[in-house]
Amino acid sequence: MDNQYGQGSKQEHNKYLTFLLQQQPYGIHVENIIQIIAIPEITPIPQTPHYIKGVINRSGRIIPVMDLRMRLTLPVREYDDRTSIIIIKAHINDGEVVMGIIVDNVLEVIDIHNNQVDELPSVGTGIENRYVEGMAKVKGKVITLLDTDNILSKEELLKMKNLQKAH
């Protein structure tokens, strides 16, 4: 299928929001980002996984919040004035789940060309492959590109969706 420029539908490059976790750069495709906010008061929810910090109220909408460090089994650290919540959407079945992910520091939006992205090496990364879309080499740095649809399992995404409905 051709796009409006007469080329194939596969884009040559994509825009990613980059951020840090434990001084390592990560990226999320901008099409999955709704908003970036400072950390507000988070209401804890009992009987949720340890990486689910609770929920926040954004303009009357209840949004579950996950600590991405904890989800990726990175060492926990105190939040500071650089810590942010990126509100993202993840796709599940025929709908989407809106959730916040806590990151150490938001950096910038960058273009990453398809030829700069490799698959995740099978050993030594310490990150489950299902979370990762690829590894990008940009300006001498390696950026781990996260797959927002797979940061949580389908069952976990359904639970997040139910958290939104319950509050």
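Guide: Leu21, Asp67, Arg69, Arg77, Tyr79, Thr83, Ile102, Val103 and Asp104 line the largest cavity. This is a predicted model, where local features need pLDDT of at least 70, side-chain atom pairs count only at pLDDT 80 or more, and totals for chains, interfaces and linings use all residues. Residues are numbered from 1 along each chain as its sequence is written, and side-chain values use heavy atoms, leaving out hydrogens and water.

Visitor: What makes a space a cavity, and what makes it a pocket?

Guide: On a 1 Å grid over the protein atoms alone, a cavity is a set of points where a 1.4 Å probe fits but cannot get out; a pocket is an open set with protein on both sides within 12 Å along at least five of seven lines, and lining residues have an atom within 4 Å of a point.

Visitor: Which residues line the largest pocket?

Guide: They are Thr18, Leu20, Pro25, Leu107, Glu108, Ile110, Val138, Lys139, Lys141 and Ile143. The volume of that pocket is about 190 Å³.

Visitor: How confident is the predictor, on average?

Guide: The protein chain has a mean pLDDT (confidence in each residue, from 0 to 100) of 85, with 86% of its residues at 70 or more.

Definitions and conventions. Grid points are joined across faces, edges and corners, and a volume is the space filled by probe spheres set on the points.
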